[in-house]
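Try each task before you read its solution.

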Amino acid sequence: MPLVQIDLDRSLAERLGEQISDGIHQALVDGLGMDPTDKFQIFRTHAPGEIVFDPGYNGVDRRQLVSIQILMVHMYDVTTKYAMFDQIAKRLEEIGIRPDDLLISIVENGFEDWYAGKSRS
Amino acid sequence: MPLVQIDLDRSLAERLGEQISDGIHQALVDGLGMDPTDKFQIFRTHAPGEIVFDPGYNGVDRRQLVSIQILMVHMYDVTTKYAMFDQIAKRLEEIGIRPDDLLISIVENGFEDWYAGKSRS
Amino acid sequence: MPLVQIDLDRSLAERLGEQISDGIHQALVDGLGMDPTDKFQIFRTHAPGEIVFDPGYNGVDRRQLVSIQILMVHMYDVTTKYAMFDQIAKRLEEIGIRPDDLLISIVENGFEDWYAGKSRS
C-alpha cells in the first residue's frame with residue numbers, strides 16, 4: 001500500500017498526467033516487486049509560483065520540479081529503494097520528463113498504519 | 001496534535017465536507033482519547049482524474065477514494081490505532097461514505113517535532 | 001534536502017506567498033545550518049473552509065492556520081529543531097504572520113530516502 005503523492009505544474013499534469021501515473025506505477029511494480037493492483041496515487045496540481053526550488057542544488061540542471069512522495073511500509077533495503085528511484089527516472093524520461101527535474105522522497109510507516117478499505121484481520 | 005490531511009473529490013467535499021470533518025474529528029477523540037480541542041485538518045480537493053486507484057485491491061469494492069493521512073506522535077499501540085480506524089469508518093459510513101472507499105494511513109513523529117502556536121517550554 | 005510543504009489560505013498566499021517562501025527558507029538556513037541552495041517548497045493554497053482548526057488549542061489565540069510540514073533527514077537534535085521553529089516564527093512574524101497561527105510539524109526519513117535529480121552515488 002504505497003501511497004504516492006505527486007506535486008507538479010498544472011500544465012504538465014494536463015499534458016502528461018496519465019502517462020506520469022502509468023510510468024510511476026510501473027516503476028513501483030518493477031522496482032519494488034509490488035502487486036500491480038496496489039495502486040494509490042494523488043496528483044496535486046499547481047499554478048506557477050507554488051513550487052519553489054533552486055535550479056542547481058545537488059549538481060543538476062533543474063528546470064521545473066516534479067515532487068513524488070512515496071509513503072510505504074518499512075520493509076525495503078537501500079538497494080531496492082535505489083532500484084525504484086532508477087525505474088521511476090527511466091520511465092518518466094521515456095515520456096520526456098528529465099531526471100534532473102525529479103525530487104523523489106520516501107516516508108516509511110508500519111503494516112499496522114494502514115486501513116485500505118477494511119481493517120487487517 | 002495529530003494533523004489530518006484529507007484528499008477527496010471536490011464534489012464530495014462540497015456535498016459533505018463539514019460532516020466528514022466532524023466525523024473524523026469525533027473518531028479521533030473517541031478512538032485515541034484525544035483532547036476535543038486538538039483539531040487540525042486540511043482538506044485537499046481534487047478534480048476528476050487526480051485521485052488514481054485500483055477498484056479491487058485488498059479484496060474490497062472501491063468506487064472512489066477518500067485518503068485520510070494522519071500525522072501523529074508515536075505513542076499509540078496497535079489496538080488503539082485499529083480502534084481509531086474502526087471509529088473513522090463507522091462515523092463516515094453514517095454519512096454515506098463506504099468503508100471500502102477509505103484509505104487511511106498513519107505517519108508518526110515525536111513530541112519534539114511539533115510547534116503548535118508556540119514552542120514547548 | 002528538506003522538503004517544505006505549506007498549506008495556507010489562498011488569499012494569504014496571494015498577498016505574501018513570496019515573502020513566506022523567503023522567510024521559511026532563511027529560517028532553515030539559519031536554524032539548521034542548511035545549504036542555501038537546498039530549497040524545495042510546495043505551496044498548497046486553500047479556499048475558505050478547507051483548513052479546519054480549533055482557535056484555542058495549546059493555549060494560544062489562533063485566528064487562521066498556516067501549516068508548515070518539513071520532511072527532512074533524521075540528523076538534528078531537539079535543540080536544533082527548536083531553534084528552527086523559533087527562526088521560522090520570528091521570520092514570519094516580521095512579515096505580519098502571528099506565531100499563534102503557525103502549525104509546524106517535522107517528519108524524518110533517511111539519506112537513502114531521497115532522489116534529488118540524480119541517485120546518490
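Buried means under 20% relative accessible area, exposed over 50% and partly exposed in between, with a 1.4 Å probe and protein chains only. This is a predicted model, where local features need pLDDT of at least 70, side-chain atom pairs count only at pLDDT 80 or more, and totals for chains, interfaces and linings use all residues. Residues are numbered from 1 along each chain, chains are lettered from A in the order written, and side-chain values use heavy atoms, without hydrogens and water.

**Exercise 1.** Find the buried residues of α2(A) and say where they lie around the axis.

Solution. Start with the helix, a DSSP run of H or I with at least four residues: α2 of chain A spans residues 78-94. Its buried residues are K81(A), M84(A), F85(A), I88(A), A89(A) and L92(A). They share one side of α2(A), because their arc around the axis (taken from the directions from the axis to the C-beta atoms) is only 130 degrees. An α-helix has 3.6 residues a turn, so residues three or four places apart point the same way. On the other side of α2(A), look for the exposed T79(A) and E94(A).

**Exercise 2.** List what the buried residues of α2(A) pack against.

Solution. Within chain A, take α1 (10-32), then the strands (DSSP runs of E, at least two residues) β4 (66-73) and β5 (102-109).

Conventions
The expected span of a helix is 1.5 Å times one less than its number of residues. Contact means heavy atoms within 4.5 Å.
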